[in-house]
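Have a look at the model below, then read on.

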Amino acid sequence: DVLKTQHGVFRIAEPPHELLLECGEKLGPIDIDWESYGELNAEKNNAILVCHALTGDSHVAGKADPKDPKTGWWDPMVGPGKPLDTNKYFIICSNILGGCSGTTGPSSINPRTGQPYAMTLPTVTIKDMVNCQKELVEKKFGIKKLLSVIGGSIGGMQVLKWAVLYPELVESIIPLSTTAKLTPQAIAFNKIGRRAIMLDPKWNNGSYYKDQPELDGLALARMVAHITYLSEEGMRQKFGRDSRDHSIFELNDSFEVEHYLDHQGYSFIKRFDANSYIYLSKAMDIFDLSRNYDSIEAALKRINAKVLTITFTSDWLFPPFQTEELVEILQKNDVDIEYHKLESPKGHDAFLIEYKLINPIITSFLQRVERKS
């Protein structure tokens, strides 16, 4: 079977009909970079929206170019015979607002000035991202109801927001490794990442696009973040205290884990925008599913979608207890909910790695949703 793929950029919020953002400012026009996989059926009821994680993009599966050695970031999940089976489902993924992979973000040109927005872009939130996705789903594809919305981490935040904000538009949701709001510890790590970027002299208050430097501060932010994506047990298994051939008494880069972090940091700065990292990590920090509702219980009372949620035992960035609090409330609300806490040493990144564990669960859930919808 061949993976049928389409790619495009859809423009919304053309002036004078700019999008009113949650912060109170207006933004427009907004370009949304999207990819789709499979075919939308005549009834338009087989669509699944994928929401990507912090540094992801719209390219979920397959190869963007035949010469490209890498496949999409969730390739084992999307395609013929896979959980998001493109023989049955129409899969959509769009780069989120504030990103740097085709959707309007800090590196985009502000039509009023002819210069990149940089730090003049208004603060964007998870709600704003969801509203852009809704415009794409409804106006580009003419879809009135999604069969499912799925995503992990910040993608899972979007999934939850979809179900609370637009309960009538989603048949089911699959939030993975996520939360209704970050812990103070998670906010603290994001703060360090943003501060590392802003202290880099090349950042230049966000106005660095003319020279396009590779920012050491962004590399450091990515290193810090990667530590939070792993777990102590996983790092012990992967690296131990192994060191390179040179002396352990050298002050720089003798341990394998140090080389790993350097690789992650300095490969990342070749593909991601530092200002986008600032905006998107801040969107995670300020996300609170209960905002504008009397309580988290009041917000969750709006959900009537079927729910599958998955957490991992070693995820200390989005710990399982946060999901379990949501599950308990949804069960009291008689929501059709399925919860799995899976044993894995892979930490927060497990939802991007542990396919043998999660793929059968997601496949089974979607089959059940299909039968009931």
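## Ground rules

Helices (H or I, at least four residues) and strands (E, at least two) are DSSP runs, and they're numbered from the N terminus. What you're looking at is a predicted model, where local features need pLDDT of at least 70, side-chain atom pairs count only at pLDDT 80 or more, and totals for chains, interfaces and linings use all residues. Residues are numbered from 1 along each chain as its sequence is written, and side-chain values use heavy atoms, with hydrogens and water left out.

Let's start with Ser172, which sits in strand 10, covering residues 172-176. Is Ser172 buried or exposed? Ser172 counts as buried because its relative accessibility is 0%; the label "buried" means under 20% relative accessible area, "exposed" means over 50%, and "partly exposed" is in between (1.4 Å probe, protein chains only).

Leaving out residues up to four places away in sequence, Ser172 touches Leu146, Leu147, Ser148, Val149, Ala305, Lys306, Phe365 and Val369. Touching, or contact, means heavy atoms within 4.5 Å.

## Another buried serine

Ser153 is in the loop between strand 9 (148-152) and helix 2 (154-165). With 7% relative accessibility, Ser153 counts as buried. Which residues does Ser153 touch, not counting those up to four places away in sequence? They're Ala53, Leu176, Ser177, Thr178, Met284, Phe318, His348 and Phe351.

One runs from Pro15 to Pro16, with omega near 10°, and Pro16 belongs to the loop between strand 1 (5-12) and strand 2 (19-20). Another joins Gly28 and Pro29, with omega about 0°; Pro29 lies in the loop between strand 3 (26-27) and strand 4 (30-37).

Then there are the positive phi angles. Ala13 isn't a glycine, yet its phi is positive at about 55°. Ala13 lies in the loop between strand 1 and strand 2, and it counts as buried at 11% relative accessibility. Asp334, also not a glycine, has a positive phi of about 60°. You'll find Asp334 in the loop between helix 9 (320-332) and strand 12 (337-342), where it is exposed, with a relative accessible area of 70%.

## The whole chain

Zooming out, the chain has 10 helices and 12 strands. Its radius of gyration is 20 Å, close to the 21 Å that the globule rule gives for 373 residues, so the chain is as compact as a globular protein of that length. That radius is taken over C-alpha atoms, and the rule is 2.2 Å times the number of residues to the power 0.38. Along the principal axes, the C-alpha atoms fill a box of roughly 65 × 50 × 50 Å.

Buried residues account for 56% of the 373 residues. Of the contacts between residues at least 6 apart in sequence, 72% join residues at least 24 apart.
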